[in-house]
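This report describes how the parts of one protein model pack against each other. Please keep the sequence and the structure at hand while reading.

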Amino acid sequence: DREHADHHRDQADAAHELLELEPDQAQAYNNRGCVEMFLGDTASGCADLKRAAELGVTAGLEYWGKMCE
């Protein structure tokens, strides 16, 4: 529903703000990537999940990985 989607967009915005201040925050990339995937933005989501994995957080890529191949 719309309220649920708005909540996820707010989470993505918060992760984006954190990454502007601290660009090596793996968990923020992971969180934003998962939200983007949930919202249907596969290209951005996969890019963020791959960056998170490069920085050491692989949970999101493990979950969404098949969509990022």
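This is a predicted model: local features need pLDDT of at least 70, side-chain atom pairs count only at pLDDT 80 or more; totals for chains, interfaces and linings use all residues.

## Helix packing

Two packed helices are described by the angle between their axes and the distance between the axes. On that basis, the axes of H1 and H2 come within 9 Å and cross at roughly 150 degrees, and these two helices are therefore roughly antiparallel to each other, the cut-off for that term being over 145 degrees. The crossing of H1 and H2 is left-handed. On the H1 side the residues that take part are His4, His8, Arg9, Gln11, Ala12, Ala15, His16, Leu18 and Leu19, and they meet Ala28, Tyr29, Arg32, Val35 and Phe38 of H2.

For H2 and H3, the axes come within 7 Å and cross at roughly 155 degrees, which makes H2 roughly antiparallel to H3. H2 passes H3 in a left-handed crossing. H2 brings Ala26, Tyr29, Asn30, Arg32, Gly33, Cys34, Glu36 and Met37 to this contact, while H3 brings Thr42, Ser44, Gly45, Cys46, Asp48, Leu49, Arg51 and Ala52.

Arginine 32 lies in helix H2 and is buried, because its relative accessible area of 13% falls under the 20% limit. Apart from neighbours within four places in sequence, arginine 32 is in contact with Ala12, Ala15, His16, Leu19 and Asp48. Asparagine 30 is also found in helix H2, and at 6% relative accessibility asparagine 30 counts as buried. When residues up to four places away in sequence are not counted, asparagine 30 touches Leu49, Ala52, Val57, Ala59, Gly60 and Leu61.

## Nonpolar cores

In soluble globular proteins, nonpolar side chains tend to be buried together. Which residues make up the largest nonpolar core here? There are seven in all, namely Ala15, Leu19, Ala26, Ala28, Tyr29, Ala52 and Val57. Helix H1 (2-21) and helix H2 (26-38) are the elements that give two or more residues to this core, and H2 gives the most, with three residues. A second, separate core has five residues, among them Met37, Leu49, Trp64 and Cys68. Alanine 15, a member of the largest core, touches Ala28 and Arg32 if residues up to four places away in sequence are left aside.

## The aromatic pair

A pair of aromatic rings is described by the distance of the centres and the angle of the planes. A search of the whole structure finds one such pair, formed by tyrosine 63 and tryptophan 64, with 5.2 Å from centre to centre and 80 degrees between the planes, an edge-to-face arrangement. Are the two partners buried or exposed? Tyrosine 63 counts as exposed because its relative accessibility is 66%, whereas tryptophan 64, at 17%, counts as buried.

## Further residues

| Residue | Relative accessibility | Class |
|---|---|---|
| Alanine 5 | 16% | buried |
| Alanine 53 | 23% | partly exposed |
| Glycine 65 | 15% | buried |

Alanine 5 has its place in helix H1; alanine 5 and glutamine 27 are 22 residues apart in sequence and 20 Å apart in space, taken from C-alpha to C-alpha. Setting aside neighbours within four places in sequence, alanine 53 is in contact with Thr58 and Leu61. Glycine 65 is located in the segment after helix H4 (59-64); between glycine 65 and arginine 2 there are 26 Å in space, C-alpha to C-alpha, with the two residues 63 apart in sequence.

Technical notes
Residues are numbered from 1 along each chain as its sequence is written. Side-chain values use heavy atoms; hydrogens and water are left out. A nonpolar core is a set of buried Ala, Val, Leu, Ile, Met, Phe, Trp, Tyr and Cys residues joined through side-chain atoms within 4.5 Å. Buried means under 20% relative accessible area, exposed over 50%, partly exposed in between (1.4 Å probe, protein chains only). Helices (H or I, at least four residues) and strands (E, at least two) are DSSP runs, numbered from the N terminus. Contact means heavy atoms within 4.5 Å. Rings of Phe, Tyr and Trp (its six-membered ring) pair if their centres lie within 6.5 Å; planes under 30 degrees apart count as stacked, over 60 as edge-to-face and the rest as tilted. Axes are lines fitted to C-alpha atoms, for helices over the stretch in contact, and angles run from 0 to 180 degrees between N-to-C directions. Angles under 35 degrees count as roughly parallel, over 145 as roughly antiparallel, 65 to 115 as roughly perpendicular and the rest as oblique. A crossing is left-handed if the near helix is turned anticlockwise from the far one by less than a right angle, and right-handed if clockwise.
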